[in-house]
Amino acid sequence: MNTLSTSTLAALEELLQNTARSAPPDFLPIMLIGGSAGTQTIGHLNPEFIAFLQESLEKDPIPFISIGNDQISISLTRPQELSKSLYQLAQTMRLAGFIPGWRHEDFAWLDQNGHQYFRLERAAFRTFGFQSMATHINGYTKSNSIWLGRRSESKSTDPGKLDNIAAGGITADETPWVSARRELWEEAGVPEQIAANIEPIGRIHMRRPIVGRGFHDELLYVYDLELTDQFVPTNHDGEVSGFIETSLPEAAARILADEFTGDAAFVTADFILRRTK
């Protein structure tokens, strides 16, 4: 049977209504002070990390960063100087064990106008709850099946979970379009002449606390890519342990059984609902 029940569709729609959760009230807001926007909240710190950070900053102050009882304050300065201070803060947290999976790869924090205020190791973004960006690509066939990747067991986040055919963070010097095509080749072996056919769909804002980690705040740039029935994805970067091709009802069942990463569950649910309307 290749149809989705009314209850399954309703469950997927309900899932998509809860993509952006508020930070828990005990998380400490991180405020950026200065600039045309005035004071704005740009992150949230897990309460488990607060005592360590208070003690650390009291012992070894870091320029442009201070912590009080009700917020962490970051004073706006030139991007290069602010990035240096935040890197110092992140290294302190890393050495204390609060930032696992260090990647030696930068993400950028952008304002609503696309201006870069600072760049920082990508693994630190969840620890501080800074908003990052990622691309997710739905790889599907004319016969209405969808390809899913299974994340490697060695991944620091969501090992073994199902993911889109390709997905990944947008690094500091990339656009979503460039990132999507890079991820398609690295993760699924999709050649450039096919990857160039990606169709931009929209953007999903994901916000959720991560137990023992921090706050995940990410803009997911979503693309669709039609593949021939003969195409079989092949991983190149070691981040995917394998691929499965499934029907939309089976993909929906796997979403509701919590087999997906949180991000990919939303992206795939959105795809399923768009294809069944």
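Okay, quick one to start: are F118 and F125 buried or exposed? Both F118 and F125 are buried, where buried means under 20% relative accessible area, exposed means over 50%, and partly exposed is in between, using a 1.4 Å probe and protein chains only.

Some housekeeping. This is a predicted model, where local features need pLDDT of at least 70, side-chain atom pairs count only at pLDDT 80 or more, and totals for chains, interfaces and linings use all residues. Residues are numbered from 1 along each chain as its sequence is written, and side-chain values use heavy atoms, with hydrogens and water left out.

Aromatics, then. There are 13 aromatic pairs in the structure; rings of Phe, Tyr and Trp (the six-membered ring for Trp) pair if their centres lie within 6.5 Å, and planes under 30 degrees apart are stacked, over 60 edge-to-face, and the rest tilted. Take F52 and F98: the ring centres are 5.2 Å apart with the planes at 55°, so that pair is tilted. F52 sits in helix α2, residues 47-59, and F98 in the loop between α3 (79-95) and β5 (106-110), so to speak distant parts of the chain, 46 residues apart. Helices here are DSSP runs of H or I with at least four residues, strands are runs of E with at least two, and both are numbered from the N terminus. F52 is partly exposed at 27% relative accessible area, while F98 is buried at 18%. Back to my opening pair: F118 and F125 have ring centres 6.5 Å apart and planes at 40°, so they are tilted. Those two also belong to a cluster, in which ring pairs link F107, W109, Y117, F118, F125, F128 and F130.

Now helix packing. The axes of α2 and α3 come within 11 Å and cross at roughly 120°. Axes are lines fitted to C-alpha atoms, for helices over the stretch in contact, with angles from 0 to 180 degrees between N-to-C directions. That makes α2 and α3 oblique to each other; under 35 degrees would be roughly parallel, over 145 roughly antiparallel, 65 to 115 roughly perpendicular, and the rest is oblique. F52 turns up again here: F49, F52, L53, S56 and L57 in α2 meet L89, T92 and M93 in α3, with contact meaning heavy atoms within 4.5 Å. By class, that contact has six nonpolar, two polar and no charged residues. Nonpolar is Ala, Val, Leu, Ile, Met, Phe, Trp, Tyr, Cys and Pro, charged is Asp, Glu, Lys and Arg, and polar is the others, Gly among them.

The other crossing is α1 (residues 6-16) with α8 (residues 262-276), whose axes come within 9 Å and cross at roughly 130°. α1 and α8 are oblique too. On the α1 side we have L9, L12, E13, L15 and L16, meeting A265, F266, A269, D270, I272, L273 and T276 in α8. The class count there is nine nonpolar, one polar and two charged residues.

Most residues other than glycine have a negative phi. D158, in the loop between β8 and β9, has a positive phi near 50°, and is partly exposed at 25%. D258 has a positive phi of about 65°; D258 lies in the loop between α7 (248-256) and α8 and is exposed at 53%.
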